Amino acid sequence: MSTVTLYMQYIVNGLTLGAIYSLIALGYTMVYGILKFINFAHGDILMVGAFIGLLIYNGLTGGEAADPGAWTLAAFFIAMVASMAACAVLGMLIERIAYKPLRNANRLAPLLSAIGVSFILSNGAAWIFGTQSRRFPYPFENEPINIGAITITPHQIVVVVVSVVMMLLLTFFVNKTRMGKAMRAASLDQATSQLMGINVNRVISLTFAIGSALAAVGGILASFDFRVYPSMGTMTGLKAFVAAVIGGIGNIQGAMLGGILLGILEAVGAPLLHIPNGMKDTVAFAILIIVLLVKPDGILGKNEREKV
Amino acid sequence: MAEILKIDDISVSYGSIRALSDVSMSIDEGAIVSLIGANGAGKSTLLNAIVGLQPLKTGSITFAGETICQSKHHGSLTTDLIARRGIALVPEGRHVFADMTVEENLDMGAFMVKDQSVIEKRKDEMYDFFPILGARRKQKTRSLSGGEQQMMAIARALMSAPRLLLLDEPGLGLAPLIVQDIFSKIRIINEENKVTVFLVEQNARLALRSSSYGYVLENGRIVLEDKGSALLMNERVQKAYLGA
């Protein structure tokens with residue numbers, strides 16, 4: 001295999017990973033956009049989403065024993081939608097219980113509360129499901145497809161297609177619908193959006209619901225590669241957060257771009273710089289440091305300046 | 001004329017600093033009433049109190065017969081609910097949604113309106129009334145000039161067809177000709193759309209000329225009130241605010 005095709009293969013792999021980062025990064029960035037607060041429990045929501053998805057999928061199909069076919073694929077999407085709904089409710093509940101009472105408190109307070117929620121979710125999952133990791137069986141035949149010298153698996157196609165569909169739906173929602181525009185207005189200027197009759201509490205709940213539902217999708221898609229276990233959200237969540245910062249935190253397109261970029265740079269960077277497998281994660285954080293030094297507002301973030 | 005807004009003996013504090021003390025006012029339906037005063041007199045605080053962005057220490061505010069704000073927190077409406085009762089505030093410094101287009105800003109102004117055909121009709125009316133907004137409807141509001149942003153903010157407030165329009169320093173930082181233009185638009189809004197207007201302004205002459213009634217606020221207290229024309233003749237007002 002020539003070096004060029006090898007790296008093209010890395011890029012394809014990175015794109016798949018990056019699409020997952022993007023989905024998860026959206027939750028961080030949307031919440032930050034409105035509340036100027038990093039929801040550190042977001043990574044654990046993707047873990048809960050993966051567990052719920054896996055349990056429903058196994059319940060519907062019998063899990064590993066099932067032969068991939070139309071029914072398993074349908075069951076997979078049923079499990080995904082159900083998991084999205086469950087995580088949306090979970091996200092709203094967490095906001096209501098753990099963050100809303102602290103909205104006027106010191107900025108550190110909700111941050112600490114988020115870390116607490118994160119511990120509760122990951123330890124709760126370990127208590128209920130045990131700490132061993134589980135495989136999410138492929139709901140389809142995962143025979144690699146060769147395109148020229150590059151290999152693409154159906155799993156990669158599903159990841160990219162589902163992610164793109166989710167991001168298009170979100171883009172449509174925030175740009176074209178009444179509540180979506182209200183969400184943007186609230187993130188631009190909360191007091192003024194209230195003057196328009198917008199109930200900011202409802203907008204915040206909706207933001208958590210959407211972000212958590214997207215995290216559930218990200219968690220399920222990630223679990224084919226990473227398996228499902230209680231602390232699976234920690235590193236993936238952290239990297240998605242890095243992706244949100246790279247793209248410009250608070251900016252929705254930024255989170256999409258940052259995720260894809262981080263996935264590709266990670267996949268290409270490690271072999272390029274001969275970084276051993278166990279140290280691969282350093283690439284993401286090195287990129288974070290570089291971005292923070294060169295353009296602290298992120299790629300699409302901007303220095304807000306008011307016209308007087 | 002019937003009273004639409006009644007401010008009854010309100011006080012507001014920022015920590016230990018009193019911003020408003022025992023302020024009482026009454027605004028009749030259909031009138032243009034102005035509040036003049038120097039920087040820091042508490043003018044914006046008063047408007048923010050009316051829309052529920054600033055809690056009251058004492059007193060109450062009644063709109064169309066309903067108590068909307070009072071010192072007891074649970075007896076007050078939240079800002080979004082006050083907006084739904086028919087009060088629209090054009091805040092100081094305009095506070096347009098800078099990253100949204102002119103059209104999207106107007107859509108936000110009509111957030112409470114459910115009927116899409118009504119929204120479209122009102123948008124067309126606004127583009128007629130402020131032609132520059134029609135020309136810029138697909139532009140991000142950030143790219144508008146200060147005067148255009150002020151018109152945008154007024155148009156946005158009118159999209160909800162409010163009963164009471166509160167304007168906080170609509171002339172601030174704008175060229176005199178543009179200020180004239182904005183004030184003539186405000187008079188048209190009042191006369192043709194039957195919107196009651198409560199105007200806070202540093203440009204006392206222009207404000208009082210446009211108003212049927214006026215109040216003077218100094219250090220958080222109402223020190224004078226009279227018909228607009230009478231205040232223009234008042235010696236104290238002339239000395240302090242009209243540079244005579």
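**Close-up views of a two-chain predicted model**

**View 1. The end of helix α1 of chain A.** Just after α1(A), A:K36 adopts a positive phi of about 50 degrees; helices here are DSSP runs of H or I with at least four residues, strands are runs of E with at least two, and both are numbered from the N terminus. This is a predicted model, in which local features need pLDDT of at least 70, side-chain atom pairs count only at pLDDT 80 or more, and totals for chains, interfaces and linings use all residues. Residues are numbered from 1 along each chain as its sequence is written, while chains are lettered from A and ligands numbered from 1 in the order in which they are written. Follow the helix back and you will find a bend of about 25 degrees at A:A25, taken as the angle between axes fitted to the seven residues ending there and the seven starting there.

**View 2. Helix α6 of chain A under cover.** Among the buried ones are A:K181, A:M183 and A:R184. Their cover includes α1, α5, α7 and α8 of chain A, together with α3 of chain B.

**View 3. Where chain B meets chain A.** Here 23 residues from chain B and 17 residues from chain A make the contact, which for two residues requires C-beta atoms, placed from the backbone, within 7 Å. On the chain B side, α2 (79-85), α3 (102-109) and α6 (146-158) each give two or more residues.

**View 4. Around B:L166 in the nonpolar core.** The largest nonpolar core has 169 residues, and B:L166 is one of those with the most contacts inside it; such a core is a set of buried Ala, Val, Leu, Ile, Met, Phe, Trp, Tyr and Cys residues joined through C-beta atoms within 7 Å. Helix α8 (residues 200-226) of chain A gives the most to this core, with 16 residues. Not counting residues up to four places away in sequence, B:L166 touches several residues, including B:L47, B:I87 and B:F198.

View 5. Strands β1 (residues 3-14) and β2 (residues 17-28) of chain B pair in the antiparallel sense over 8 bridges; pairing requires at least two bridges found by DSSP. B:E3 sits opposite B:D28. In the turn, with 2 residues between the strands, B:G15 has a positive phi of about 60 degrees.

Definitions and conventions:
A residue is buried if 20 or more other C-beta atoms lie within 10 Å of its own, exposed if 12 or fewer, and partly exposed in between; C-beta atoms are placed from the backbone.
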